[in-house]
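User: I would like to learn how to read a protein model step by step. Could you take me through one, giving the general idea before each case?

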Amino acid sequence: MNKLMFAVATATVMMASPVFAGDAAAGKAKSVMCAACHGAAGVSAVPTYPNLAGQKEAYLTKQLNDFKSGKRNDPTMKGMVMALSPADMENLAAYYANMK
């Protein structure tokens, strides 16, 4: 019975605490370039720019990769992501995913 209770408690903690692939602190440092369009808190004041705060990490990473590869076409974003490494993209995604 104790093993069952431990397993349930562990699963509950894991579900309540999201685990991010990227480093949110490193993402915060990189996010300065994103703030002009997407807002300092990841919430854009301009309706044509999407809010990033609270988006799923995997979704954000995929979109950044798609902009960089050209699969998703936007000249502004293409220029913004060209200098980002895969780790930078994961870190940014973790930072925004961790926001409310």
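User: What does the accessible surface of the protein chain come to, and what share belongs to carbon and sulfur atoms?

Analyst: Bear in mind that this is a predicted model. The accessible surface of the protein chain is about 6700 Å², and carbon and sulfur atoms hold 66% of that area. Of the 100 residues in the protein chain, 30% are buried.

User: How many helices and strands does the protein chain have?

Analyst: There are six helices and zero strands, so the pattern along the sequence reads α-α-α-α-α-α. Among contacts with a separation of 6 or more, 64% join residues 24 or more positions apart.

User: Which residues of α4 are buried, and what do they pack against?

Analyst: The general idea is that an α-helix has 3.6 residues a turn, so residues three or four places apart point the same way. In α4, the buried residues are Glu57, Leu60, Thr61, Gln63, Leu64, Asp66 and Phe67, and the buried residues of this helix pack against α5 (75–81) and α6 (86–97). Helix α4 has 13 residues and spans 18 Å from its first C-alpha to its last, close to the 18 Å expected at 1.5 Å a residue, and after α4 comes Gly70, which has a positive phi near 95 degrees.

User: Why is Tyr49 classed as partly exposed rather than buried or exposed?

Analyst: Tyr49 is partly exposed because its relative accessible area is 36%. Tyr49 sits in the loop between α3 (32–38) and α4 (57–69), and, leaving aside residues up to four places away in sequence, Tyr49 touches Cys37, His38 and Ser44. Tyr49 and Cys37 are twelve residues apart in sequence, with 6.3 Å between their C-alpha atoms.

Note on methods
Residues are numbered from 1 along each chain as its sequence is written. This is a predicted model: local features need pLDDT of at least 70, side-chain atom pairs count only at pLDDT 80 or more; totals for chains, interfaces and linings use all residues. Side-chain values use heavy atoms; hydrogens and water are left out. Helices (H or I, at least four residues) and strands (E, at least two) are DSSP runs, numbered from the N terminus. Buried means under 20% relative accessible area, exposed over 50%, partly exposed in between (1.4 Å probe, protein chains only). Contact means heavy atoms within 4.5 Å. Accessible areas come from the Shrake-Rupley method with a 1.4 Å probe; for residues, only the protein chains shown count as cover. The expected span of a helix is 1.5 Å times one less than its number of residues.
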